[in-house]
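User: I'd like to learn how to read a model like this one. Could you take me through it feature by feature?

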Amino acid sequence: MSVAPARAQPIEAIAGFAALLREHGLKVGIAEHQAMVQAALALPLSGGGAHGGPVWRESRISAAWRAVACHDLRDWRRWPDLFERYWYPGRLKGTVKVSGQTRPSRDLREVVQQLQQSLDGAGAQPPRPGGPAPDAALDDRGGHDDDASLPRAQGGASRTEALHDRSLSMWLPQDLAQLETLAERIAARLRRRLTRRWHDDAHGRRLDLRRTLRASLRTGGVPVQPAWRRPRRERPRLFILVDVSRSMQTHAQLFLRIARAFVQAAGARVFVFHTRLAEVTPLLQRDSAAVQEKVNAVTAGFGGGTRIATSLADFAGVHARAQLGRGARVWVLSDGFDADEPHRLAEQLLRVRGRGGRITWFHPNPARPASAAMQACDGLIERFVPLHRLRDLALAVPLLH
Amino acid sequence: MNAGSEQALREQLEAAGYIADEDLATTLWLAGELQRPLLVEGDAGVGKTALATALARSQGRRLVRLQCHEGLDLSQAAYEWNYGRQLLAIRLSETGAERLREADLFGRDYLLQRPLLQALLSEDPCVLLIDEVDRADEAFEAFLLEMLADHQITVPELGTLHARHVPQAMLTSNGTRELSDALRRRCLYHHLDYPTLAREMAIVKRTLPQTESALVEQAVAFVQRLRREDLGKVPGVAETLDWVRALHRLQFKALPDDPQGLMQTLGCLLKTRDDRFQIGPDRVRNLVEGRRSVGVAEKATA
């Protein structure tokens, strides 16, 4: 017995699409959902004059819904894929079709036509509130994406792989978004320092007498609009030193990604070193695929080996001489193997501490670095943080302030 | 409203000197249909502000522009009481016989209208451009919510002022600061990218019709290739127009083979020292010839 595929109700089909968008992180609430229906009604699929081919009409619907459902560049870039995935799963390469299951056919043009017909028939009434719940169409998503009908988690075990549990050497590009969020959280936690400067603030508590008097000139000397100030708090300066020597080869690229996240989130200055030190902050400020290439070019002339103490001396004495003050945070991302004489590293760290810098050492292996140079530095380093997985960075959030 | 209206809007924009693609025309038309503000994001120089200007011109509406900056407050954006005039009225009432009530002092006569209120109370429909909204403070953004969602402004002394005609609001942002979700969700969104080769050629030909066709084609192709370089400040459409205008003034009929001739004019396209340093004569020659560097090797583009 052959059964014709059931027709999806237009409202339900659009609701299913909205649910798919929500699942993928787009903020599509009731207002957006309603606006999508309104847009579909306003842009009829019939007509369109000389340009009115079906492809042209569907692209209009897509453009209109994109303007409604997308709220930032991230959503904007994901739209074409999500639209195709829902309305034209057959066009996607690499989809798996599961036999034995039927799902209501989902034709964009039909959906909009039915929507308009039902509206005409019902005397231009808005979608009925007593009808099937918008999310009912969720169940009709076939095998083209994650099966939403299955429970998300069972007994605490999730079907999705915990991305942050993977080793950093298996890092995928999609983890970068998570890294950026983490960097922003850490940057927000960096304790702001009270300074002696004041700045204008309408909700401040101190009267700015000079500006109040100046403003009162407009009102004949009557201070109608007082001006207020409040003390300025500044975020501590953050310096990140990344070891790019051969022993760190497998980690350096990922550490640079972490450093880049902090350049954008906290305005950090980033240096790379192995036998010498070079600043790479300007190279990390832009989102460019050539970052690693440029960092390689900067460090191309460096010889083999790692000279942490020499690099630190260069850092404290030349590059960060003016900025390394009280409360500055210095994060070193290194395995701690130093080719300099062992006592020199402690000397240089002491120098940084003497200037007021607070040092945190991130090491790529689970165990703390145990080289001879590092053993002499115990009291000088405020904290050791293992950085083997993204979870390590998440766990370190409460410690970094 | 039918699908033809959106096509008509596109043609009107073209007549006003703005060449919009179909998606943008649909979004603009939808913003008008749903009476929702439109948030346009994109790099500097892609034509966000020009879009609002062209929209106003194409529909014969007045453009009310609010340029946002740090520290922008209500008195600069929406309204302000005319204190000088209020004081004068008080002094006059003290000397004269006529007694002045407090309510008289806070009437429409003493209200100075700033761009947002001007747009709201405008006698004719207008286009409201809130330019570079990301430069304003978050507090100002919160104030905009009432205006954009309900088309009204509340003045405590007067009550709520409703729009006579809902202005077609357009907000632009360069991404200096992340905008709040609340503001984003009240707007339709469009991301303007750099124009495609064909569209940019059409823009330049339309704006500078007296320029040689060969020069326009070669110059635009050059700029498109230049945008793929790793530049600090990618040249926008305005820079392309400046450059083609400069080449035209220098009597060029086509791009010269000798890069030295072009180097003097590259100031129109490259606006930072690093970019000027990076794009030397050899690089310019490669870009003119359509060659692209891949690592240390070079290959000709298809």
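Predicted model: local features only at pLDDT ≥ 70, side-chain atom pairs only at ≥ 80, totals over all residues.

User: Let's start with confidence, then. What ipTM and pTM does the predictor give the complex?

Analyst: The complex gets an ipTM of 0.82 and a pTM of 0.67. For chain B, the mean pLDDT is 87, with 94% of its residues at 70 or more.

User: Where in chain B does pLDDT stay under 50?

Analyst: Over residues 293-302 of chain B. The model has twelve contacts beyond four places in sequence for that stretch.

User: Now the overall make-up. How many helices and strands does chain A have?

Analyst: Chain A has 14 helices and eleven strands. Of its 401 residues, 31% are buried. Take the contacts in chain A between residues at least 6 apart in sequence: 74% of them join residues at least 24 apart.

User: On to the cores. Which residues touch the most other members of the largest nonpolar core?

Analyst: The general idea is that nonpolar side chains tend to be buried together in soluble globular proteins. Here, the largest nonpolar core has 102 residues, and those touching the most other members are I14(A), M36(A), A39(A), A64(A), V68(A), L116(B) and L188(B). Helix α1 of chain A, residues 10-23, gives the most to this core, with nine residues. There's also a second, separate core of 54 residues, which includes L256(A), A320(A), L333(A) and A373(A).

User: Which residues is A39(A) in contact with, leaving aside neighbours within four places in sequence?

Analyst: A39(A) is in contact with A64(A), W65(A) and V68(A), plus L30(B) from the other chain.

User: And sheets? In which sense do β1(B) and β9(B) pair?

Analyst: In general, strands of a sheet pair through backbone hydrogen bonds, either parallel or antiparallel. Strand β1 (residues 38-41) of chain B pairs with β9(B) in the parallel sense, over four bridges. Within that pairing, E41(B) stands opposite H191(B). Along β9 (residues 188-191) of chain B, L188(B) and H190(B) point one way while Y189(B) and H191(B) point the other, and all are buried.

User: Chain A has an open sheet too. What is its strand order?

Analyst: The order is β3-β5-β4, with antiparallel pairing. β3 (193-200) and β4 (206-207) of chain A are at the edges with a single partner strand each, so one side of each has no neighbour in the sheet. Two bridges join β4(A) to β5 (residues 228-234) of chain A, and R206(A) stands opposite R229(A) in β5(A).

Key
Residues numbered from 1 in each chain as written. Chains lettered and ligands numbered in written order. Core = buried A, V, L, I, M, F, W, Y, C linked by C-beta atoms within 7 Å. Buried ≥ 20, exposed ≤ 12 C-beta atoms within 10 Å, placed from the backbone. Contact = placed C-beta atoms within 7 Å. pLDDT = per-residue confidence, 0-100. Pairing = 2+ DSSP bridges.
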